[in-house]
Amino acid sequence: MKALYNALADRVLEPHDPVYVEELNAKAGFGGDPVEELATEIDWQEGGGVCLFTGQRGTGKSTELKRLQARLEELGVVAFYADLSEYVLLTKEIEISDFLVSVAGALSEQIQARYGASPGNRSYWDRFRDFLTQDVSLTEIKIGAPGFDVKAALKSDPEFKRLVQEKSRGYVAQIVADTHHFIAEAVQWVRVKESDSNKKVAVIIDSVERIRGVGNEAMAVYESVRNLFFGHADSLRIPLLHVVYTVPPYLPILAAGAGSLLGGAVTRRLVSIHIFKDRSREPDKAGLETLHKVVATRFGDWHRLFSIDALDALAISSGGDLREFFRLIRLCLPSVRDDAELPLEARAVAAAQNAARNEMLPIPADHLDWLQRISVSHDTCLAKDADLPVLAHFLDNRLVLNYRNGSDWYDVHPLLRSVVDAHVAASP
């Protein structure tokens, strides 16, 4: 039990990890492999371009982006990976200035890590600090003081982030031009290092989808993300660079057409495993077998601990969300006290199911009404932009899951179906 518990610990898989199941996101019979599609698009792009990638938490985006990086390297592309959470305060509004600064800073660090040097022998953070002190004059904070770290302050200090945004608004065009210039210089520098004047350079920007508002600031933060990709699309297209941005699952819903502004980019999406048939509550045997294989790859003796019915009950309760599936299995194990209880039967996993359900409760009545509409229509049922924070909450917290088997569709989390159905039955 301890071995299984640790085998299912949440982690980002590196390329070629022996427990990676290739067909997990290939969606055999239901569309292509999004990583191969992204790699092909970048391989075919000339002069740089933008690709968009999305998916709910638990669908394995970071693992797939690591695989994308490895695949691009196989195609002869110099590919860098950067986690935006290391550079941006994810609970506050984002503006084009601090976003591009973070992208340039991340690329600068990745180049330094790979080649042991930086273009012009100066990191981007040194250049940006000079810009703040010489052009913007942030007198409220002594940026040049010993030990002051601009990158760390942007990530963790809300007041510093606010000041930089406020003071930089009059310099947006300059910041965009400067970051584009630095990145173009960096691409040419990498090409010299690689002895190939046509070498493609790509950067994968992960965790953009994690930018989300809290409380009264929620709508402003969501609007800032939409404005970033919709209002500043031209600035996100960086000459010579091929860039992959992760975007929140709600962005294609809220800002339909943003991809066309980014040079025709189509948002590729990771979805939950199709453990239900198309727009149905009927279990899909193929999806369940995929999850069996995922567990068996990590722990071949799982059948000694769970009956097939128990594992299927947990798979269905997870809604096909891999991270939730692993968590439900792990929740069942610590309470076992007698080997005679093994393998666990379906009735023995009820406590784990109830614990996971209770974490999503209580749900306001008006939210239950909306969830009921989603369960019937299998659409998001977003009536107006002002309701976006609620929909984002549904998607971010997996109260609603996205599937693609036949076409894209949505449904409430399986553990909430009884709650939603009971609410409908009790409504006048």
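**Notebook: backbone, sheet and cores**

I began with Leu240, which counts as partly exposed because its relative accessibility is 23%; I take buried as under 20% relative accessible area, exposed as over 50% and partly exposed as in between, with a 1.4 Å probe and protein chains only. The model is predicted, so I note that local features need pLDDT of at least 70, that side-chain atom pairs count only at pLDDT 80 or more, and that totals for chains, interfaces and linings use all residues. Residues are numbered from 1 along each chain as its sequence is written, and side-chain values use heavy atoms, with hydrogens and water left out.

**Backbone entries**

I looked up phi for Leu240 and found a positive value of about 75°, although the residue is not a glycine. Leu240 sits in the loop between helix 10 (233-236) and strand 4. Helices (H or I, at least four residues) and strands (E, at least two) are DSSP runs, numbered from the N terminus. Arg398 also has a positive phi, near 60°, and is a residue other than glycine. I placed Arg398 in the loop between helix 18 (388-396) and strand 6 (400-404). At 15% relative accessibility, Arg398 counts as buried.

I then checked for cis peptide bonds. The bond from Leu342 to Pro343 is cis, with omega near -5°, and Pro343 lies in the loop between helix 15 (322-332) and helix 16 (350-358). Leu361 and Pro362 are likewise joined by a cis peptide bond, with omega about 0°; Pro362 is in the loop between helix 16 and helix 17 (365-377). For background, most residues other than glycine have a negative phi, and most peptide bonds are trans.

I traced an open sheet of five strands in the order 2-3-4-1-5, with parallel pairing; two strands pair if DSSP finds at least two bridges between them. Strand 2 and strand 5 (267-270) are at the edges with a single partner strand each, so one side of each has no neighbour in the sheet. Neighbouring strands are turned by 20° against each other on average, direction ignored; axes are lines fitted to C-alpha atoms, for helices over the stretch in contact, and angles run from 0 to 180 degrees between N-to-C directions.

Strand 3 (residues 201-206) is largely enclosed by the rest of the structure, because six of its six residues are buried. On one side I list Val201, Val203 and Ile205, and on the other Ala202, Ile204 and Asp206, all buried. Strand 3 pairs with strand 2 (residues 78-83) in the parallel sense over six bridges, and Val203 is the bridge partner of Phe80. Strand 3 is also joined to the parallel strand 4 (residues 241-246) by five bridges, with Val201 opposite Leu241. Strand 1 (residues 49-55) runs parallel to strand 4, with five bridges between them; here Gly49 stands opposite His242.

**Helix and core entries**

I found helix 3 (residues 61-74) lying across strands 1, 2, 3, 4 and 5, at about 160° to strand 2; contact means heavy atoms within 4.5 Å.

The largest nonpolar core has 113 residues, and those with the most contacts inside it are Phe229, Tyr245, Phe306 and Phe325. Helix 4 (residues 96-115) gives the largest share of this core, ten residues. A second, separate core of 16 residues includes Ala39, Cys51, Leu72 and Val77. Such a core is a set of buried Ala, Val, Leu, Ile, Met, Phe, Trp, Tyr and Cys residues joined through side-chain atoms within 4.5 Å.
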